Amino acid sequence: MSTSNSSKRTTLQKFNKILLLKGSWFKTLVKAIWILLLCLIVGIPLYVYSVRFDVFGLFGGMPSLKAIENPENDLSSELVSADGVSLGRYFRYNRSQVTYDQLSPDLVNTLLYSEDHRFYDHSGLDFQAYLRVLYGVLTFNSSSSGGGSTITQQLAKNLYTQNPELQGSLAKLGKLPSRIIQKTKEWIIAIHLERNFTKEEIITMYLNTSDFSSNAYGIKVAAETYFNKQPDSLNLQESAVLVGMLQAPSFYNPKRNPNNALSKRNEVLYKLFKHGYIKTRAEYESLKLLPIELRYSIQNHNQGLAPYFRTIIKNDLMAWCKEHGYDLEESGLKIYTTIDSRMQRYAEEAVDENMKAQQKIFDAHWRNKNPWIDDEGNELKGYLDSRIKQTDAYRLLIKKYGKDSDSVKIMLNIKKPMTIFTWKGERDTLFSSMDSLNYYKRFLHAGFMSMDSQTGAIKAWVGGVNHKYFKYDHVRLGTRQPGSAFKPFVYGTAMEAGYNPCLKLQDVSPTFNVPGGTWTPPNAEGDRGTGEWLNLRQALAQSKNSITAQVLQRVGAENVVDFAKRVGIKSHLDAVPSLCLGVSDVSLYEIVGAYSTFVNLGIHTQPFYISRIEDKNGNVIENFVPKTRQAINEQTAFKMVYMLMGGVEEAGGTSIALPYDLKKDNEIGGKTGTTNNASDAWYMGVTRDLVSGAWVGGDERSIHYREWSLGQGGKMARPIWASYMLKVYGDATLDYKKGQFRRPSTGLDMTMDCRAYDTPQDAPNDQTETWDPNL
């Protein structure tokens, strides 16, 4: 019995000991839980406080509350035509904003159901989503562990938390600490965003700040890039493509990865069906079967209207921005130009149509021979070898291998895949650097500009045949000899001095004594003249060098330079006898401006192309007013218009071959220009309110036709002007119509009928004039 009781006591003691021990576990566990809760209660606010105020610089800075309340987003600046069409943008990141009203309902609902269907039920943080994510991670259930970030958090990430300047020293410890801190910042900023913006504003800001790959930032540019639409016109399946891209823009890019994009789009459509936005399975199934119909057009400075214009004026705009404290590529400016999109399109079409045909003739003319020749018509030896040294490819190879290394020549002749320009479209081929140079040097180039003569507003600007492959602008940057297109300034000097358009001179070239001998300008036919008596209007119409030289001899080269400068020529002009034949280089930009002085009754208006600039909120920063001055009197100006009309009206005039439809019920003045070896072909045309000019030529003066007649302005440049004007007059929506030139307000001081002058008024000076270059 005692033994039994003793055994029971021992067992009871052991049990009690176990209970006591277990009790200590419970106490320890409870203590641990209380300590953990206390740490969480104290630690989480302390951690959030530390992140919010970047204690000891460990967590990186936070944007200020002011910055959160007024988020700044870099915006591209837009160039707008006079008729309200977007010409293009200047951007570091191609981004442009829209308002909530400019988002299609399908787009908004697709975003909400796909990314954050409880968006209107939370205040920036979706704790239900966080629990789902945690459950998915713990149970290894991928279908439940998707992203838990709200749209507000994603906006916070877009705006602030990816800024490397806001990273602290803890970020250097690895991705995990950096990720935890970033998420904490997202939560803090998300709460502030929800306090300061409406839900609709947050949706709009998020779509405006998201990356859609292909250099498309923001929903507006994305819609334009992938579907050639505005965001308010996006349908359900297009919206699903773009919303699907938000998670991984490059991976779901429908252009680069169409299969990935299609799969993701259908996944987004299923979410819409699951949440009831797509009402029936049949509708979902039919949408799922549709292909992605892209109208893809990546926006860059080579595409769209007026690429040369956009490129050339960028420097002017950057200078203006620097002066006024703006960033052209980030300030979201709206720059209103004088360019008319319709007229610009007509100008580009006219250049394309005529240059395509002209290049075909030029290639057939030279066949397999090289078109670079000297003044005697002989091929320039070593031409390509000398020109390759001016290329970037050569300079890079010299830097890599050294000037005397054989490797340079070897590398210049190694063929590689290359996409080249042709008038039938781009073509892939194998070219070496030498092949490429040889190929592109054979192309003819062109420039065209059209401006309103009264306002000075430039309406069209075509700087070349293809901006992607030929960057050089032939409107303002390029300067070439104008040839006979300069002659109106010689005759204008005479009109100002009191000469009459009907004054008759004999077609005989004078001789000038010049340093090293004498110079007698030949006519285009190569002779010294026919001896025929012609009035000045006829002489200009037929572009007689002989009579033009006589006029310059009478009025003085210095006076011609002065006159040309006053009416708008900016380039340096040499006051020498050959000035009468246009040997001093000028730009198309300045010569068009100078001709406009004649049409505008003597008032020179400096060609301008920007009318106003607005900030991103639509406030006008500056209005631009054209600069005008009275350069010559009305009588002199109209005499020159009358002289230019002779090219269309006089027998043998260089503009008489213009299409009848242009001349009918219309007053037109025109002047061709051709240099003596046909390197440069010009045509200047004036109407009652438009002055336009075209230039055509090779990349260098040595590249041209062998026969002067093939390369003259009447054949190479005049068709561009005629084609452009026919298109302009054919557009009833434009304000430019046919009609008469404006007459002087004080009336005419001359007769417009030269038949009244039936006898020679003057004879050429039979004496040889000595030319003193020091005068």
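A: Let us begin with contacts: a contact means heavy atoms within 4.5 Å. Among contacts in the protein chain between residues at least 6 apart in sequence, 71% join residues at least 24 apart. Please note that this is a predicted model, in which local features need pLDDT of at least 70, side-chain atom pairs count only at pLDDT 80 or more, and totals for chains, interfaces and linings use all residues. Residues are numbered from 1 along each chain as its sequence is written, and side-chain values use heavy atoms, with hydrogens and water left out.

Q: How many helices and strands does the protein chain have?

A: Helices (H or I, at least four residues) and strands (E, at least two) are DSSP runs, numbered from the N terminus. The protein chain contains 26 helices and 21 strands.

Q: What percentage of the residues count as buried?

A: Buried means under 20% relative accessible area, exposed over 50%, and partly exposed in between (1.4 Å probe, protein chains only). Of the 775 residues in the protein chain, 50% count as buried. Helix α9 (residues 236–244) is mostly covered, with 9 of its 9 residues buried; among them are Leu236, Val241 and Leu242. The buried residues of α9 pack against α3 (105–115), α8 (219–227), α10 (258–274) and α11 (281–289).

Q: Which residues make a nonpolar surface patch?

A: Accessible areas come from the Shrake-Rupley method with a 1.4 Å probe; for residues, only the protein chains shown count as cover. Patches are made of residues with over 30% relative accessible area and no salt bridge: like charges are joined within 9 Å, and nonpolar side chains (Val, Leu, Ile, Met, Phe, Trp, Tyr) within 5 Å. Here Tyr401, Ile410, Met411 and Ile414 make a nonpolar patch of about 330 Å². Met411 belongs to helix α16 (residues 406–412) and is partly exposed, with a relative accessible area of 32%.

Q: How do the axes of helices α18 and α21 cross?

A: Two packed helices are described by the angle between their axes and the distance between the axes. Axes are lines fitted to C-alpha atoms, for helices over the stretch in contact, and angles run from 0 to 180 degrees between N-to-C directions. The axes of helix α18 (residues 487–496) and helix α21 (residues 557–567) come within 9 Å and cross at roughly 100 degrees. That makes α18 roughly perpendicular to α21, a term for angles of 65 to 115 degrees. The residues that meet include Phe489 and Val490 in α18, and Val560 and Phe563 in α21.

Q: How many salt bridges are there, and where does Arg566 form one?

A: A salt bridge is a side-chain nitrogen of Lys or Arg within 4 Å of a carboxyl oxygen of Asp or Glu. By this rule the count comes to 29. An α-helix has 3.6 residues a turn, so residues three or four places apart point the same way. Arg566 forms a salt bridge with Asp562, their closest N and O atoms being 3.0 Å apart. Because they are 4 residues apart in helix α21, Arg566 and Asp562 are separated by about one helical turn.

Technical notes. Angles under 35 degrees count as roughly parallel, over 145 as roughly antiparallel, 65 to 115 as roughly perpendicular and the rest as oblique.
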